[in-house]
Amino acid sequence: MHALLITWFGWVEHWGYLGIVLLMAMESSIIPVPSEIVIPPAAFWAAQGKLNFWGVILAGTAGSWLGASVSYWISLWVGRPLLVRFGKYFFVSEEKLNRAERWLERYEAGGIFFARLLPVIRHLISIPAGIIRMRFGTFSLMTVAGSFIWCTILAWFGQHVIGSEPNLMNDPEKLVHLLKAKSLWLVGFVALLCALYFVVLRLTAGRKSIA
């Protein structure tokens, strides 16, 4: 894994925006590329004048949408039986798929948005969205909105966390662990938002049934 991190890190450094788009597209599909190794270093280099800060965020968002869209359409065409049968060969177990389906069933379109801010489920949520044939326009809108926020947060981390510890640029593995640790508060905040969103859905459904 360390060798892969070094390789992906090099893509961002040498390929710039194209490397960001490709890696974030992989991250949003079934390929487990950590977004923490893509956006934060790029934002650090943006602070050094090698890239543009907002260009990094937009490239990351575009890549996330691209990868998520590919997963969506493949899932829509292939269907659940084949995904369950062969998904394990692409790091998508039936248990993970079931978890993503329950998430989408509970939170509906808002689940796509929130999923873009959460680890593990972030790169899986496109699969059940394709299986249930969610409207692609809605799926795309939620994906872009959530991805933009996530990339902005990672870019902020990149400028402030790496800016205070530039030696992290020499150790991609340590960089990933540190950024994941520092983003735990974000996961808790998103979980709270999800809970509030679910409560609103239940209350709204109750009012509709009464009407």
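**Exercise 1. Work out how α3 and α4 pack against each other, and which residues make the contact.**

Start with the geometry: the axes of α3 and α4 lie 8 Å apart, and the two helices pack at an angle of about 160°. Axes here are lines fitted to C-alpha atoms, for helices over the stretch in contact, with angles running from 0 to 180 degrees between N-to-C directions. Angles over 145 degrees count as roughly antiparallel, and α3 and α4 are therefore roughly antiparallel to each other.

Next, the hand: α3 and α4 make a right-handed crossing. Right-handed means that the near helix is turned clockwise from the far one by less than a right angle.

Last, the residues: α3 brings Ile 39, Ala 42, Ala 43 and Ala 46 to the contact, and α4 brings Phe 53, Val 56 and Gly 60. Contact means heavy atoms within 4.5 Å.

A word on the source before going on: this is a predicted model, where local features need pLDDT of at least 70 and side-chain atom pairs count only at pLDDT 80 or more, while totals for chains, interfaces and linings use all residues. Residues are numbered from 1 along each chain as its sequence is written, and side-chain values use heavy atoms, with hydrogens and water left out.

**Exercise 2. Describe the chain as a whole: its elements, its burial and its contacts.**

Count the elements: there are 10 helices and 0 strands. Both are DSSP runs numbered from the N terminus, helices being H or I of at least four residues and strands E of at least two.

Then burial: 46% of the 211 residues are buried. Buried means under 20% relative accessible area and exposed over 50%, using a 1.4 Å probe and protein chains only.

Now the contacts: take those between residues at least 6 apart in sequence, and 74% of them join residues at least 24 apart.

**Exercise 3. Is α3 enclosed or open, and what follows it?**

Check burial residue by residue: Ile 39, Pro 40, Pro 41, Ala 42, Ala 43, Phe 44, Trp 45 and Ala 46 are buried in α3. That is 8 of the 9 residues of α3, so this helix is largely enclosed by the rest of the structure. After α3 comes Gly 49, with a positive phi near 90°.

**Exercise 4. Find the residues that touch the most other members of the largest nonpolar core, and look at two of them.**

The core has 55 residues, and Ile 20, Ile 37, Val 38, Ile 39 and Trp 103 touch the most other members. A nonpolar core is a set of buried Ala, Val, Leu, Ile, Met, Phe, Trp, Tyr and Cys residues joined through side-chain atoms within 4.5 Å. Elements giving two or more residues to it include α1 (2-15), α4 (53-78) and α8 (136-164).

Take Ile 20: apart from neighbours within four places in sequence, its contacts include Val 12, Val 38, Leu 51 and Val 56.

Then Ile 37: this residue is found in the loop between α2 and α3, and is buried with a relative accessible area of 0%. Leaving out neighbours within four places, Ile 37 is in contact with Leu 5, Trp 8, Phe 9, Val 12, Pro 172, Leu 175 and Val 176.

**Exercise 5. Is Arg 133 buried or exposed, and where does it lie?**

Locate Arg 133 in the loop between α7 and α8. Arg 133 is exposed, with a relative accessible area of 57%. Its phi is near 60°, a positive value in a residue other than glycine.

Note on methods:
Angles under 35 degrees count as roughly parallel, over 145 as roughly antiparallel, 65 to 115 as roughly perpendicular and the rest as oblique.
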